[in-house]
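Reader: I am new to this structure and would like to go through it step by step. Could we look at it together?

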Amino acid sequence: RQRGGSPTVRDVVAAMNGYYAVELLEQGIGNRVVGMQGGKVVDFDIQEALSMTKPYDEKLHQIAEDVAF
């Protein structure tokens with residue numbers, strides 16, 4: 001249980017990713033990157049993950065700039 005209030009969605013996702021990562025390690029599987037894709041916890045070989053690209057979302061950046069304090 002989280003201290004300081006109810007867990008946020010980010011807290012839950014982090015816990016799910018961490019749990020999955022530990023399960024991989026218990027199975028002797030290393031050199032993986034764990035994350036969420038399509039609402040599911042997934043893992044990729046670290047070299048594959050490093051070669052992935054994600055498009056830059058200018059509109060999302062502008063929204064973040066607009067609501068920043």
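Reader: What percentage of the 69 residues of the chain count as buried?
Author: This is a predicted model, and the answer here is computed from it. A residue counts as buried when its relative accessible area is under 20%. Of the 69 residues of the chain, the share that counts as buried is 10%.

Reader: In what order do the elements of the chain run from the N terminus on?
Author: The chain has three helices and two strands. Read from the N terminus on, these elements run α-β-β-α-α.

Reader: Is the chain more spread out or less spread out than a compact globule?
Author: For 69 residues the globule rule gives 11 Å, whereas the radius of gyration of the chain is 16 Å, which is well over that value. Along its principal axes, the C-alpha trace spans about 45 × 35 × 20 Å. Because the radius of gyration is well over what the rule gives, the chain is, compared with a compact globule, more spread out.

Reader: Does Asn-17 count as buried or exposed?
Author: Asn-17 is found in helix α1, which covers residues 9–26. Its relative accessibility is 17%, and since the cut-off for burial is under 20%, Asn-17 counts as buried.

Reader: Which residues is Asn-17 in contact with, leaving aside its neighbours within four places in sequence?
Author: A contact here requires heavy atoms within 4.5 Å. With the neighbours within four places in sequence left aside, the residues in contact with Asn-17 are Val-34, Gly-35, Met-36 and Val-41.

Methods: Residues are numbered from 1 along each chain as its sequence is written. This is a predicted model: local features need pLDDT of at least 70, side-chain atom pairs count only at pLDDT 80 or more; totals for chains, interfaces and linings use all residues. Side-chain values use heavy atoms; hydrogens and water are left out. Helices (H or I, at least four residues) and strands (E, at least two) are DSSP runs, numbered from the N terminus. The radius of gyration is taken over C-alpha atoms; the globule rule is 2.2 Å times the number of residues to the power 0.38. Buried means under 20% relative accessible area, exposed over 50%, partly exposed in between (1.4 Å probe, protein chains only).
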